[in-house]
Amino acid sequence: MSATKRKAADVVVPVEDENDLLRITPLGAGREVGRSCIVLQYKGKTIMLDCGLHAGRSGQGSLPYFDEIDPSTVDLLLVTHFHTDHAAAVPFYLEKTSFKGRTFMTRPTKGVFRWLATDYIRVTNTSNAEASALYTEADLISAHAKIEEIDIHQQMEINGIKFTAFNAGHVLGAAMFLIEIAGVKVLYTGDYSREEDRHLVPAENPGVAVNVLITESTYGVQSHQPRIERENAFLKQVRDIVRRRGCCLMPVTALGRTQELLLILEDHWGRNMRELENVPIFFISSLGKKGMYLYEAYIMHMNQRIQRQFNRTGNNPFDFKYIKTRTNLAGVPETGPCVVLASPGMLQSGVSRQLLERWAPRPENGLIITGYSVEGTLARTIVNEPESFPALAGGSVSRRMTVKNISFSAHVDYTQNSSFIDELRAPYVVLVHGEANAMLNLRANLLDKYRDSDYEIQVFAPHNIDTVRLHFHGEKMARVMGSLASKVPREGEWAAGILVEKDFNYTLVNPADLQEFTAVAPVVIEQLLQVPYASTFTLLRHHLEQMFGRLELATETSNSGKAHTLRIYDAIDVSHFSWKHHVEVEWQSNAMNDMVADSVVAVILNVESSPASVKLTQGVCGHSHGHDHSRAESDPDYSSSESKVPEQELAASPKPEVDSKPAHTHAPEKERDIVTRAGGSAEVAAKLAAFMQNQFELVEVSKDHTLVSVRLGGAAASVDASTMAVESDNPLLRSRVASIVARVYRTLGSLSHRSEPLPEPELELEGSKDKDAADADGLSTGDQGGAGEADDDRGKDIDIKIDVDSDDEDDNDSLGDSDSDSIVSNQEAPDLPPADVTNASSA
């Protein structure tokens, strides 16, 4: 959102698969120091690392390039520490954009951040135009409430993103973040220091293999003085200034490295009280003593030295004896000797700028720059000791005071940074948070250092909004859980189950173990299909019973008409409504029920066009019924009172031959007789297998050719070829297999060489049965959708005729084996010619 933006020139790494592409884009801190904001994108996840402002700019120009990414797509915002250049834009991003993700900081960072952001708002609103204020106190309060806390070494996982915080040194509560997505590990250091000082622990090595390291490059190839030498040089400079009765000014941040300087001064004044007892030290901060109390609250996050001191004395190590804390300039002398630490650190505005303009013209005074000075700030400019500098009120201020730069900045130097990189040995290193020269020098030095070593390293130094693209090809590993894990498959064997993927983790389980070992809960899917149908219920029932055997019937009457519901295998409901032009098929979805439902729908779609239906409804009876046919022909749902199937007869229709409760069914004696005539159980078993081979997942014949086993969707059934008995623990599968066995029975009966008529199978309707039963199924020749008054003689003409040698194609679709029969088992054994079932009277 800044005023000037370069055209991006992406750093390109060859990739093979876009799904395995990791993108790293600096929205800030790319070849600059300030407004740190790094975006990671991988496997559809987006993480933002830090969200700061640029200290050398103001207003919208100080923000990262937020417009390069849709805030609503960001899953996580992880903030490493509370400094302005890493955290001050958080309230703006949380309250002024469409960001809906989650934000995390360590507990000390969240506590201190609130007060530093408040100070930022105060300074911005008093030092700049109102338009420069990016957010209000209300925005800060709202944003602060949304921030979640994470402890050091705590691992969290959110939507497939694992992240862990590690000590980073630098300032109180500073953290590195180790992020893992789909097995790829990225370590973002933020600002870090590997040197233990008076109150902080040094940065730590996570101790895991890292694929990508994103590290600061603030000092490039520079190396710091050892800590003791640096402290001695600092104290000497302070003593020189106060000995010449000058005022010593140190611009600092309110919290952070300032506390380290205060500990050094407090210790030195205590050991040199005689010399320095008349030299006051002032720490001027808008937080006043609140900052010191914050540090007392988080002592357990500091090093062992501070904790031991606190436990021994019970006193707050930051409640100083020789240092006076102020919130303004009241009580600060115009002349020395004195020592003043005042914020802000970059001398852009505030108390430190006021004191600089007051003391700069006097040569006895001195300025000590103790931290890193950002390019574009007065702190960076005055290090070069200019003769004058601009005043806030206009004009210029002459400079005669001494200027020294003794850095206590807790950033790694080259020695610490290169050592850390060597320990991790990440194949990819991305440099951020460094000015262009420092960053490029560090990159060149690292590449040269490892050029002839076994450490293969690629180092990137992207500009802002340049994207580093890295390709990772990871193998997918699945854990086998539950009953599947009880047996280790040998080489070449398959482990079959349900593969569950959640947050890039894969689990293979048996369907029965799904709920126990995964977060997936099985649900019941209710299926409802409306199938166009304009013919009669009687015809529909006939075709369905030809396919599935006797069906349960339920009838309801309403003002609109009658609704008949047929129950198939105690699983599929087929409903016919006299006032609608469709049939409703309803069932609970599973592998078995879906298969049967497909067959039901196929039967319904073929009812009206089936040649068998045409034969059932064609022509007018050759005898008088004493009623008018004209209405029956014009109204397919019309049937006279004489021929209409009574409701009580429909309700009393025979139940399916195979009950859903027993575990097996026994074939009648006449079916065993058919086995004998067909050539024995071995031949029957072979023909049964041929019928079933395309309807089930697995069809096997036992070695003694007496048993045929089938399997479908985890359920199993078996048929005894000698007795035709069906056994299964699954009632639906048992009913389905029994229906097919009945069809095989009819076919074998038609092929048997017999000297006497074969007995009719129980699934067939015999001509000698009660006439009313025949009429109920629409089998009477005179029944045209319910129109007709058949006499006894006419009813006895109905018979089943087997004509193996018949070439009449029309007869192939007759009542005994209609088209609806062939829908499910149209892949019959090639050596079994189809049974030709005709109506004797019409033949």
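The legends below describe close-up views of a predicted model.

**View 1**
The strands form an open sheet in the order 14-13-15-12-16-19, and the pairing is parallel. Strand 14 and strand 19 (402–405) are the edge strands, each of which pairs on one side only. On average, neighbouring strands of this sheet are turned by 20 degrees against each other, direction ignored. Strand 16 (residues 366–369) pairs with strand 19 in the parallel sense over 4 bridges. Isoleucine 368 stands opposite lysine 404, which belongs to strand 19.

**View 1. Strand 14 and its pairing with strand 13.**
Strand 13 (residues 281–284) and strand 14 are joined in the parallel sense by 4 bridges. Phenylalanine 283 has threonine 325 of strand 14 as its bridge partner. The side chains of strand 14 (residues 323–326) alternate along the strand. Ile323 and Thr325 point to one face and are buried.

Proline 337 is found in the loop between strand 14 and strand 15 (338–342). The peptide bond that joins glycine 336 to proline 337 is cis, with omega about 5 degrees. Proline 344 lies in the loop between strand 15 and helix 10 (350–359). A cis peptide bond also runs from serine 343 to proline 344, with omega near 5 degrees. Leucine 347 has its place in the loop between strand 15 and helix 10. Its phi is near 60 degrees, a positive value in a residue other than glycine. Leucine 347 is buried, at a relative accessible area of 0%.

**View 2. Arginine 425 in the loop between helix 12 and strand 20.**
The loop that holds arginine 425 runs between helix 12 (414–424) and strand 20 (428–432). Arginine 425 is a residue other than glycine with a positive phi, near 55 degrees. With a relative accessibility of 35%, arginine 425 counts as partly exposed.

Strand 24 and strand 25 (residues 505–509) run antiparallel and are joined by 5 bridges. Valine 500 stands opposite threonine 507, a residue of strand 25.

**View 3. Aromatic pairs.**
The model has 15 aromatic pairs. Phenylalanine 66 and tyrosine 93 have ring centres 4.6 Å apart and planes at 45 degrees, so this pair is tilted. Phenylalanine 66 is in the loop between strand 3 (45–49) and strand 4 (76–78), and tyrosine 93 is in helix 2 (residues 90–96), so the pair ties together parts that are 27 residues apart in sequence. Phenylalanine 66 and tyrosine 93 are both buried. The aromatic pair of tyrosine 450 and tyrosine 455 is edge-to-face, with 4.7 Å from centre to centre and 65 degrees between the planes. Tyrosine 450 is buried, with a relative accessible area of 6%. Tyrosine 455 is buried as well, with a relative accessible area of 4%. Ring pairs also link Phe66, Phe92, Tyr93 and Phe99 into a cluster.

**View 4. Charged side chains over phenylalanine rings.**
Arginine 230 has its charged end over the ring of phenylalanine 408, at 5.4 Å from the ring centre. Lysine 580 lies over the face of phenylalanine 577, and the distance to the ring centre is 4.3 Å.

**View 5. The crossing of helix 15 and helix 16.**
The axes of helix 15 (residues 537–548) and helix 16 (residues 591–607) come within 10 Å of each other and cross at roughly 135 degrees. This angle makes helix 15 oblique to helix 16. The crossing of helix 15 past helix 16 is right-handed.

Note on methods
Residues are numbered from 1 along each chain as its sequence is written. This is a predicted model: local features need pLDDT of at least 70, side-chain atom pairs count only at pLDDT 80 or more; totals for chains, interfaces and linings use all residues. Side-chain values use heavy atoms; hydrogens and water are left out. Two strands pair if DSSP finds at least two bridges between them. Helices (H or I, at least four residues) and strands (E, at least two) are DSSP runs, numbered from the N terminus. Rings of Phe, Tyr and Trp (its six-membered ring) pair if their centres lie within 6.5 Å; planes under 30 degrees apart count as stacked, over 60 as edge-to-face and the rest as tilted. Buried means under 20% relative accessible area, exposed over 50%, partly exposed in between (1.4 Å probe, protein chains only). A charge sits over a ring if NZ of Lys or CZ of Arg is within 6 Å of the ring centre and within 35 degrees of the ring normal. Axes are lines fitted to C-alpha atoms, for helices over the stretch in contact, and angles run from 0 to 180 degrees between N-to-C directions. Angles under 35 degrees count as roughly parallel, over 145 as roughly antiparallel, 65 to 115 as roughly perpendicular and the rest as oblique. A crossing is left-handed if the near helix is turned anticlockwise from the far one by less than a right angle, and right-handed if clockwise.
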